[in-house]
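Here is a short briefing on one structure. Keep the sequence and the 3D view at hand while reading.

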Amino acid sequence: MRSPHWTTRLELALGEPTALRVLDKKSIVRLARDVKSDISEPTVERWIQEAISAGRLQRVVRGLYLNRLVGPPARLCEAAVWLRPGAVISLQTVLGDSGVWNNFTEWVTAVVPLAQHYTTPSLGSQETAAGTFVFRGLPELLLEGGQEEDRLVSGITYRRATPEAALLHWLYLSNSPRSRMSPPPLDVDLGALDRRRLNRLARVMRLSELLEKWLTHRDGQVGRRHIG
């Protein structure tokens, strides 16, 4: 019986639950050679362009693609760490997606560690073929502080802050002389947060006083609105 064409076998491999969700050209060539050992790079490159046109891959930047064959299809935020080592999805993206902040943003917001063993990252916005990223820098000790289950969402294949960590990242940046971020909006839904987790992380990050000050200001503003 004749075996399926190598492109069919490659696409089946990319649709497996364990398939890579974000791919660079080198990864795609390696997968293609797993199904057809003598395949050439130009041939794989032609398949990549066809796959982009057909929606099987989504180009982020040159040589980096989202796998749209895997289920569920890869999302733009999963590519952040490929663009900036150590990146963690946080801030407006996390708070908007989780319902803590009632304001959805199409931009992907991420924080990146500032540390000696990392190359100083390029911060600010980056336009890609798939959408816009906004990268902001945080000291690594603050970003990696606390228990992993408190600061990072579990059960996913990329680094994504919990809503509690995302709020604290925003508070820190809004009080940093190196950042132009304004404070978090006062209408965030605190009921959607785990207050014990929030307090644990604030202690480890040494942000308890800052958090308490912001909460006091928030409660005062909300109280005035109710009275008015």
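Proline 72 sits in the loop between β3 and α4. A cis peptide bond joins glycine 71 to proline 72, with omega at about -10°. The model is a predicted one. The points below start with this loop and then cover sheet, hairpin and helix packing.

**Backbone exceptions**
- Most peptide bonds are trans, and most residues other than glycine have a negative phi.
- The bond between glycine 71 and proline 72 is cis.
- Leucine 91 is not a glycine, yet its phi is positive, at about 55°.
- Leucine 91 belongs to helix α5.

**Salt bridges**
- The whole structure holds 13 salt bridges.
- One of them pairs arginine 75 with aspartate 97; their closest N and O atoms are 3.5 Å apart.
- Arginine 75 lies in the loop between β3 and α4 (80–83), and aspartate 97 lies in helix α5 (residues 91–97), so this pair ties together parts that are 22 residues apart in sequence.
- The loop between β3 and α4 thus holds both proline 72 and arginine 75.
- Helix α5 likewise holds both leucine 91 and aspartate 97.

**The three-stranded sheet**
- Three strands make an open sheet, ordered β1-β3-β2, with antiparallel pairing.
- Which strands stand at the edges? They are β1 (22–24) and β2 (57–61).
- Each edge strand has a single partner, so one side of each is left without a neighbour in the sheet.
- From one strand to the next, the twist averages 35°.
- Four bridges link β2 to strand β3 (residues 64–67), in the antiparallel sense.
- Leucine 57 has asparagine 67 of β3 as its bridge partner.
- Helix α3 (residues 41–54) packs on this sheet and touches β2 and β3.
- The direction of α3 makes about 105° with that of β2.

**The β6–β7 hairpin**
- Strand β6 (residues 124–128) and strand β7 (residues 131–139) run antiparallel, joined by five bridges.
- Serine 125 stands opposite valine 134 of β7.
- How many residues does the hairpin use to join β6 to β7? It uses two residues.

**Helix pair α1 and α2**
- Two packed helices are described by the angle and the distance between their axes.
- For helix α1 (residues 6–14) and helix α2 (residues 25–35), the angle is about 120° and the axes are 9 Å apart.
- That angle makes α1 oblique to α2.
- The crossing of α1 with α2 is right-handed.
- Trp6, Arg9, Leu10 and Leu14 of α1 meet Leu31, Ala32 and Val35 of α2.
- By class, this contact of α1 with α2 has six nonpolar residues, one charged and no polar.

**Helix pair α8 and α9**
- Helix α8 (residues 163–174) and helix α9 (residues 195–205) have axes that come within 9 Å and cross at roughly 45°.
- The α8 and α9 crossing is right-handed.
- From α8, the contact draws on Glu164, Ala165, Leu167, Leu168 and His169.
- From α9, the contact draws on Arg197, Leu198, Leu201, Ala202 and Met205.
- By class, the contact of α8 with α9 has seven nonpolar, two charged and one polar residues.

Definitions and conventions. Residues are numbered from 1 along each chain as its sequence is written. This is a predicted model: local features need pLDDT of at least 70, side-chain atom pairs count only at pLDDT 80 or more; totals for chains, interfaces and linings use all residues. Side-chain values use heavy atoms; hydrogens and water are left out. Axes are lines fitted to C-alpha atoms, for helices over the stretch in contact, and angles run from 0 to 180 degrees between N-to-C directions. A crossing is left-handed if the near helix is turned anticlockwise from the far one by less than a right angle, and right-handed if clockwise. Contact means heavy atoms within 4.5 Å. Ala, Val, Leu, Ile, Met, Phe, Trp, Tyr, Cys and Pro count as nonpolar, Asp, Glu, Lys and Arg as charged, and the others, Gly among them, as polar. Two strands pair if DSSP finds at least two bridges between them. A salt bridge is a side-chain nitrogen of Lys or Arg within 4 Å of a carboxyl oxygen of Asp or Glu. Angles under 35 degrees count as roughly parallel, over 145 as roughly antiparallel, 65 to 115 as roughly perpendicular and the rest as oblique.
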